[in-house]
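Trainee: I'm new to this one. Could you walk me through it?
Mentor: Gladly; have a look first, and then ask away.

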Amino acid sequence: MEGSGSQRAPGGTPKGPAGGKPRCSFCGRASNETSAIVGGPEAWLKICNGCVYGARAARSDGPGKPRSCSFCGRKPKEVQWIYGGSMVAICDGCTQRSLDEMLI
Ligand SMILES: [Zn+2]
Ligand SMILES: [Zn+2]
């Protein structure tokens, strides 16, 4: 049976691929595409579990240029290693902190 005419959708949720979901600054995945995502000091700065594990596994410069850590601002000389993405980078200390946050 159909035709009651009552729809459940209130229509309050905007549809769209980038509907304000937090995205990983390293790989661009949205929070619903990863199992965990944690934020940095800036609202736009986030890293997902995949990239944290990738950074930890690499323990060295990533595909991007060596640069200061986007999370704490330390320079490559001041940390053991910095994993650089195309736009952002994360150091060993911030990788560990992100891991701890994800495991809580
Ligand atoms: Zn990621
Ligand atoms: Zn850092």
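Trainee: How should I read the numbering and the model itself?
Mentor: Residues count from 1 along each chain as its sequence is written, while chains are lettered from A and ligands numbered from 1 in the order in which they are written. This is a predicted model, where local features need pLDDT of at least 70, side-chain atom pairs count only at pLDDT 80 or more, and totals for chains, interfaces and linings use all residues.

Trainee: In what order do the elements run from the N terminus on?
Mentor: The protein has two helices and four strands. From the N terminus on, the order is β-β-α-β-β-α.

Trainee: Which residues of α1 are buried, and what do they pack against?
Mentor: A residue is buried if 20 or more other C-beta atoms lie within 10 Å of its own, exposed if 12 or fewer, and partly exposed in between, with C-beta atoms placed from the backbone. In α1 (residues 49-58), the buried ones are Cys51, Val52 and Ala55. They lie on the same side of α1, because they cover an arc of only 105 degrees around the axis, taken from the directions from the helix axis to the C-beta atoms. Their packing partners are β2 (46-48), β3 (82-84), β4 (89-91) and α2 (92-103).

Trainee: Is proline 22 buried, exposed or partly exposed, and why?
Mentor: Proline 22 sits in the segment before β1. Within 10 Å there are 18 other C-beta atoms, so proline 22 is partly exposed.

Trainee: Which residues is proline 22 in contact with, leaving aside its neighbours within four places in sequence?
Mentor: Two residues are in contact if their C-beta atoms, placed from the backbone, lie within 7 Å. With those neighbours set aside, the contacts of proline 22 are Ser31, Ile37, Gly39 and Lys46.

Trainee: Where does pLDDT stay under 50?
Mentor: pLDDT is the predictor's confidence in each residue, from 0 to 100. The protein's mean is 82, and 76% of its residues reach 70 or more. Where pLDDT is low, the predicted coordinates should not be read in detail. The stretch where pLDDT stays under 50 is residues 11-18.
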